[in-house]
Amino acid sequence: YLNASAGTKCAICLANTISLARSHQIAECICNIGYEGMDGSACRACSGGSYKAVNGSGSCMSCEAGTYAEASGGSACLSCPNNTHSAVGSDAILDCVCNGGDAGGDGA
């Protein structure tokens, strides 16, 4: 963003944020996909078991049942393997357990 007090020098947005071309103030630095926080502030990564699919100041969302996200800073959750399910907010493939009537190892 163009920092008005610095004249013609562009300033770097805070950690894990981005601004559009021709931005003029730090409040126009918004959180990257996979990160949450307020506009103009440093943003923190979504934790495992959650995600954020768009840039901006929104909050991370918990992964839906039947999905998981192992890494922090995710933009989406992964589907559990066929014939398995997981609870809301699962953060590991091992949280995907066999459906009733199916056999096998967890996460397989």
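# Reading a chain of strands and disulfides

The chain exposes about 6400 Å², and carbon and sulfur atoms supply 54% of that area; accessible areas here come from the Shrake-Rupley method with a 1.4 Å probe, and for residues only the protein chains shown count as cover. This is a predicted model, where local features need pLDDT of at least 70, side-chain atom pairs count only at pLDDT 80 or more, and totals for chains, interfaces and linings use all residues. Residues are numbered from 1 along each chain as its sequence is written, and side-chain values use heavy atoms, with hydrogens and water left out.

Q: Let's begin with the overall build. How many helices and strands are in the chain?

A: Helices (H or I, at least four residues) and strands (E, at least two) are DSSP runs, numbered from the N terminus. In this chain you'll find 0 helices and 10 strands. Reading from the N terminus on, the elements go β-β-β-β-β-β-β-β-β-β.

Q: And what share of the residues is buried?

A: Buried means under 20% relative accessible area, exposed means over 50%, and partly exposed is in between (1.4 Å probe, protein chains only). Of the 108 residues in the chain, 27% are buried.

Q: Now the cysteines. How many disulfides does the structure hold?

A: A disulfide is a covalent bond between the sulfur atoms of two cysteines. The working cut-off is a pair of cysteine sulfur atoms within 2.5 Å. The structure holds 5 disulfides. Number the bonded cysteines of the chain in sequence order and the pairing reads 1-2, 3-4, 5-6, 7-8, 9-10.

Q: Which residue does Cys63 pair with?

A: Cys63 is joined to Cys77 by a disulfide, with 2.0 Å from S to S. Cys63 belongs to the loop between β6 (61–62) and β7 (67–68), while Cys77 belongs to the loop between β7 and β8 (78–79), so this pair ties together parts 14 residues apart in sequence. The link of Cys63 and Cys77 is left-handed too, at -85 degrees about the S-S bond. As for cover, Cys63 is buried, with a relative accessible area of 0%.

Q: Where do Cys80 and Cys96 lie in the chain?

A: Those two form a disulfide, the sulfur atoms of Cys80 and Cys96 being 2.1 Å apart. The torsion about their S-S bond is about -70 degrees, so the disulfide of Cys80 and Cys96 is left-handed. The pair links distant parts of the chain, with Cys80 in the loop between β8 and β9 (84–85) and Cys96 in the loop between β9 and β10 (97–98), 16 residues apart. Cys80 and Cys96 are both buried.

Q: How many salt bridges does a search of the whole structure find?

A: A salt bridge is a side-chain nitrogen of Lys or Arg within 4 Å of a carboxyl oxygen of Asp or Glu. The search finds 1. In that bridge the side chains of Arg44 and Glu36 meet at 3.8 Å, N to O. Arg44 is exposed, at 51% relative accessible area, whereas Glu36 is buried, at 19%.

Q: What else does Glu36 touch?

A: Glu36 lies in strand β3 (residues 35–36). Leaving out residues up to four places away in sequence, Glu36 touches Cys31, Cys43, Arg44, Gly58, Ser59 and Cys60. The backbone nitrogen of Cys60 is 2.9 Å from a polar atom of the Glu36 side chain.

Technical notes:
A polar contact is a pair of N or O atoms within 3.5 Å; within protein, one must be able to donate a hydrogen and the other to accept it, and residues adjacent in sequence count only if both atoms are side-chain atoms. Contact means heavy atoms within 4.5 Å.
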